[in-house]
Amino acid sequence: MELDRDPGWMSLIRVHAQQHTMVAAGLVLSMLVTVALIIQGVPRIVTAPWPSGLSLALLGGAAGLLLTTLGAVPALWMRGLPQRVEDTLLGFAAGMMLAASAFSLLLPGIEAAERLAGSAPLGAGIVVTGMALGVMLMLGLDEFTPHEHDKAGPCGPGNQRCSRAWLFVFAIALHNLPEGMAIGVSFSQGDMSVGLPLTAAIALQDLPEGLAVALTLRGAGLRAGTAVLVAMASGVLEPLGALLGAGLSSGWVFAYPIGLGLAAGAMLFVVSHEVIPETHRNGHQKLATLGLVVGFALMMVLDTALA
């Protein structure tokens, strides 16, 4: 009698794809388009003079990494925050991300696309196409990446093979990558009026986010120093995402508005699918909503002042 073999990762992913055909197709399509945009943008970012959109994007991503690190450090001596405070801070971060998506990604994207296409409806359609790609990309990554959220539990193929700490790390990666991509896209044309407000917003919300991540990792069983180091390492995905964002939105003239829409779609997915539900699971919906409104208002002021 032949013993049952433990299925490999590819087998698990293949079975999962058969069970979620539409999501898998959307992920493949969005990844192919993203890779194609990056490839066509490489010659432009490689030959661009200093300081270029790429260098500004990397500096912006580094700012996100720095603020994530600063936010995580208090977890060395803190074991946790009151749940209502954590939910309010995450609501604040969600508000800043929502406003950044609207004011620093979608509106500049529609303006650029309308100017290039010579038509307002066509320009909006180009940005909406980018949004759809961003949502399909994040929906697919969320479905096919094993990860865990603090209250929702583990999900994704093969999650039972990973420790709880690693599942949290993968969840953080899914959150930080679109933020970095948004920074890269916003700076890809060297436009400080677009990139600076967005980067300021993402960096500011990285402070409470870095602390929340480090405290969650401590709750998952990691030592204080290890939890802080892992939270800091998660911030590396922001400069990496910024590099990808700058690449995919360079070169072809319509790559810029498509990239802005893609980054906005990815961020909106993360806010709606991950952050807001997380703040509403503990009975502190009002405080979380107030935090969201304050974050949205602050980002609106930053966008006006820094632009």
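## A tour by helix pairs

Helix α4 makes a left-handed crossing as it passes helix α10. Handedness is read as follows: left-handed if the near helix is turned anticlockwise from the far one by less than a right angle, right-handed if clockwise.

Some ground rules. The model is predicted: local features need pLDDT of at least 70, side-chain atom pairs count only at pLDDT 80 or more, and totals for chains, interfaces and linings use all residues. Residues are numbered from 1 along each chain as its sequence is written, and side-chain values use heavy atoms, with hydrogens and water left out.

**Whole chain.** Colour by secondary structure. The chain holds 11 helices and two strands. These are DSSP runs numbered from the N terminus: helices are H or I with at least four residues, strands are E with at least two. The order from the N terminus is α-α-α-α-α-β-β-α-α-α-α-α-α. Of the 307 residues, 51% count as buried. Buried means under 20% relative accessible area, exposed means over 50%, and partly exposed lies in between (1.4 Å probe, protein chains only). Now turn to contacts, meaning heavy atoms within 4.5 Å. Among those with a separation of 6 or more, 82% join residues 24 or more positions apart.

**α4 and α10.** Select 83–117 for α4 and 255–279 for α10. Their axes come within 8 Å and cross at roughly 160°. Axes are lines fitted to C-alpha atoms, for helices over the stretch in contact; angles between N-to-C directions run from 0 to 180 degrees. α4 and α10 are therefore roughly antiparallel. The classes are roughly parallel under 35 degrees, roughly antiparallel over 145, roughly perpendicular from 65 to 115, and oblique for the rest.

**A100.** Stay in α4 and pick A100. Is A100 buried or exposed? A100 is buried, at 0% relative accessible area. Leaving aside neighbours within four places in sequence, A100 contacts L105, L198, A201, M267 and M299.

**F103 and F296.** Show the aromatic rings. Rings of Phe, Tyr and Trp (its six-membered ring) pair if their centres lie within 6.5 Å; planes under 30 degrees apart are stacked, over 60 edge-to-face, the rest tilted. That rule gives two aromatic pairs. In one of them, F103 and F296 have ring centres 5.7 Å apart and planes at 65°, so the pair is edge-to-face. F103 sits in α4 and F296 in α11 (residues 285–306), so the pair ties together parts 193 residues apart in sequence. F103 is partly exposed at 23% relative accessibility. F296, at 28%, is partly exposed too.

**α3 and α7.** Select 53–72 and 192–219. These helices pack at about 25°, with axes 6 Å apart. α3 and α7 are therefore roughly parallel. α3 passes α7 in a right-handed crossing. On the α3 side, the residues in contact include G60, A63, G64 and L67. Those they meet in α7 include A203, L207, G210 and A214.

**α8.** Move to 224–234. Which residues are buried here? A224, A227, V228, A231 and S234 are. They span an arc of only 120° around the axis, which puts them on the same side of α8. The arc is taken from the directions from the helix axis to the C-beta atoms. An α-helix has 3.6 residues a turn, so residues three or four places apart point the same way.

**L167.** Last stop: L167, in α6 (residues 164–187). L167 is buried, at 3% relative accessibility. Its C-alpha lies 9.1 Å from that of T145, 22 residues away in sequence.
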